[in-house]
Amino acid sequence: MILYFARTLHSYKACAVARHTGLPVTFTEVDLLVGEHKTPLFLAMNPCGRTPVLACEDGYLWESNAIMCRLAIEARSALWPEGKAQADVMRWLAWDAEHFKPHAGAFYFEYIIKPAIGLGDADETALEGARPFFHTNASVLESHLAQHDFLAGDTLSIADFAVAVTLPFATKSKLPIDDYPAIRRWHDRLMDLPAWRSPFPT
């Protein structure tokens, strides 16, 4: 398998799962700044023109959550559990996509991505709009993690990799997590994993 990635949030979690499972995955970096993701070759793999993309023996898989799931299945890893626990993992993946990531990701975009691609300083007005929604959803996450080590059944899963993906950049993106000790302890546990600390190939 070949995992096409860029140094972005979505690729971060996919690469972390690939490294954590130890699958024989070849990592191929896509240079977004020169538009490699918009070439005909890449668009043939993912018509949306985004990373990551996993090239498998049966075709190309895009969308990072789907890629994490496929990698875990290939590795027969408990990151994608069996039976009813799968619904719990899916709950957190859906919650992240609809509620947490859009607002946590706003800080990442404004403070990290915009300067990196030359779009100027952070839009503080946009962040003021995102901030109350972030706190509302961070409170939900904090309440759950105050009682559980991980998100789904107290066992590490792809849900943890998905929901936590903005946290390695919390300081640089000025993500307001100081008042959430359970979230910080949870992410400290993830940072004990070499694949989470350093998901991208050097």
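Buried means under 20% relative accessible area, exposed over 50%, and partly exposed in between, with a 1.4 Å probe and protein chains only. The model is predicted: local features need pLDDT of at least 70, side-chain atom pairs count only at pLDDT 80 or more, and totals for chains, interfaces and linings use all residues. Residues are numbered from 1 along each chain as its sequence is written, and side-chain values use heavy atoms, with hydrogens and water left out.

**View 1. H187 in helix α7.** H187 sits in helix α7, residues 181-191. Helices (H or I, at least four residues) and strands (E, at least two) are DSSP runs, numbered from the N terminus. H187 is buried, because its relative accessible area is 8%.

**View 2. The contacts of H187.** Neighbours within four places in sequence are left aside here. H187 is then in contact (heavy atoms within 4.5 Å) with A164, L167, P168 and W196.

**View 3. The order of helices and strands.** The protein has 8 helices and 4 strands. Along the sequence they follow the pattern β-α-β-α-β-β-α-α-α-α-α-α.

**View 4. Burial and extent.** Of the 202 residues in the protein, 49% are buried. The C-alpha trace spans about 45 × 45 × 30 Å along its principal axes.
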